[in-house]
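Look over the structure shown here. Some questions and answers about it follow.

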Amino acid sequence: MNPKFLIQNLSLQYGDGTESLRDVSMSIPANAITVLFGPAGGGKSSLLRCLNRLNDLTEVQAVTGQVLLDGEDILDPGTDVIALRRKVGMVFARPVVLPLTIRGNLTYGLELAGEKRKSRLDEAAERGLRLSALWEEVKDRLDDPAIALSGGQQQRLCLARVLTNQPEVILLDEPTSGLDPLSTGKVEETLQVLKQDYTIVLVPHSIQQAARTADNAAFFLQGELVEWSPGKEMFTHPKQKRTEDYIEGRFG
Amino acid sequence: MKASLRLNRHLSQHLGFFLLSLVTLATVIPILAVVIYILLKGAPAISWEFLTGFPRDGMRQGGILPAIVGTFYLTLGTAIFSVPLGIAAAIYLAEYSRENTLTRLIRIAIINLAGIPSVVYGLFGLGLFVFFLKFGTSLLAASLTLSIMTLPVIISAAEEALRSVPQSFRTVSISLGGTRWQTIRRIVLPQALPGIITGVILGLERAAGETAPILFTGAAFFLPRLPGSVFDATMALPYHLFVISTQVPEMPIKIQYGTALVLIIFVLGMNIIATVIRSRARAKRQW
């Protein structure tokens, strides 16, 4: 199968020397959920933020290696990062709704891209809301401030906002860490539907979530990719002792 | 023994509160006293003629319209130059520049500019705008001089307002494919605007009340008409107050206090507007 992302010998160091990646090579297939898991500070988020070049905003000291998206190296300085970020959307751990209306949040990305036709914007927004199972709850108050929504709704709005942008890849960085089990369940269900059309990369907020959702899983420890394999294999027969110890809760 | 210790603590607590409230009062009383005193002394002078008439009889009679209009023009002129420049500088400092020697230098310069005595700005304006650029003693030269004095206030306030907008808004906007400028224009600036406006008003308020910077650059001792162009000199409330308080013999006290009252209302009015904007924005703020 053709990988969506092909990561080759990727190393990364921050200016203050904190979290980093060491010689990571793996591939991320399309139309599947790839889970990056491991203890904090392992480099999962760093890797995630390489995939849409959001690391550009932080003080990165050095990046080496390649990240190919559909065969093109997105770490190349000539990459159109704006286009890249439209193609690779991201949902953050803490739901950050922009200080706009619900509609304003949803159509923000498309409007920035120059879409002015209201019908197109409304269509895309409705599609995003339906996909993230929020449509029924907010369809009558799209012009209310988004901040009025509950925490779970806000996080689904953030997902809907990314979907409205019509990306090909969705990155999720512990998207359910602040949510109750019910909302978490809804998000996970949604991801299972979404993977039919999107490439999904998820940093889960627990090993249980990793095991529940992973088609493919990669275990990170202190900047090192310890192993990666199909999810079923990873969580039943890990190849490495360290992975087994982590999964069974002997450290972490 | 124990009881008396508890009593002592209780007592010292009360004493502390008492002293602190006394100190607080001590700061409020002079301000109130000044305002009330000027209000009482100046109110009898306020009349339609005083506000809309021209000075007569060597400024001992008539109104102060040219000074009121002049101060209004000077404030407006200062705003035209200092607001766009100040906000642009703040956006550069808060949003675009990274912390380096250059930005540290700029910041030090801004802080020091804010500390320069206003009469020095006046001399600088005289040299640069009046003589070198040949604007003459004019509304233009005075406005530019006041602008330079006001800039540090506006830059600092605007930069702080921009920085107080949560970083996460920027990250999210960028992650949705926004450019830096789109993010600033659509998210950061609207959120920072109340803070910026407050800073702008406070800066302009200081400009409106200053005498020294306009003394050599644009203020007229007596001008029986309104300025017709930016190259005309102009009367202004603070300088007029100085003139009628020290330079005109047999000046009726009433007119002096009336002028002071108008100036105070002008400045306090701006202050109140700034406070209202700030508190409204705080109530509406979503973060």
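Q: How many residues does the contact take from chain A and from chain B?
A: This is a predicted model, in which local features need pLDDT of at least 70 and side-chain atom pairs count only at pLDDT 80 or more, while totals for chains, interfaces and linings use all residues. Residues are numbered from 1 along each chain as its sequence is written, chains are lettered from A and ligands numbered from 1 in the order in which they are written. Two residues are in contact if their C-beta atoms, placed from the backbone, lie within 7 Å. The contact takes 18 residues from chain A and 16 residues from chain B.

Q: Which helices of chain A each supply at least two residues of the side that touches chain B?
A: Helices (H or I, at least four residues) and strands (E, at least two) are DSSP runs, numbered from the N terminus. The helices asked for are helix 2 (81-87) and helix 3 (102-112) of chain A.

Q: At what angle do the axes of helix 7 and helix 8 of chain B cross?
A: Axes are lines fitted to C-alpha atoms, for helices over the stretch in contact, and angles run from 0 to 180 degrees between N-to-C directions. The axes of helix 7 (residues 167-175) and helix 8 (residues 180-209) of chain B come within 10 Å, and they cross at roughly 140°.

Q: Which residue is the bridge partner of A:Leu221 in strand 10 of chain A?
A: Two strands pair if DSSP finds at least two bridges between them. Strand 9 (residues 216-221) and strand 10 (residues 224-230) of chain A run antiparallel and are joined by six bridges. They form a hairpin with two residues between them. In strand 10, the partner of A:Leu221 is A:Glu224.
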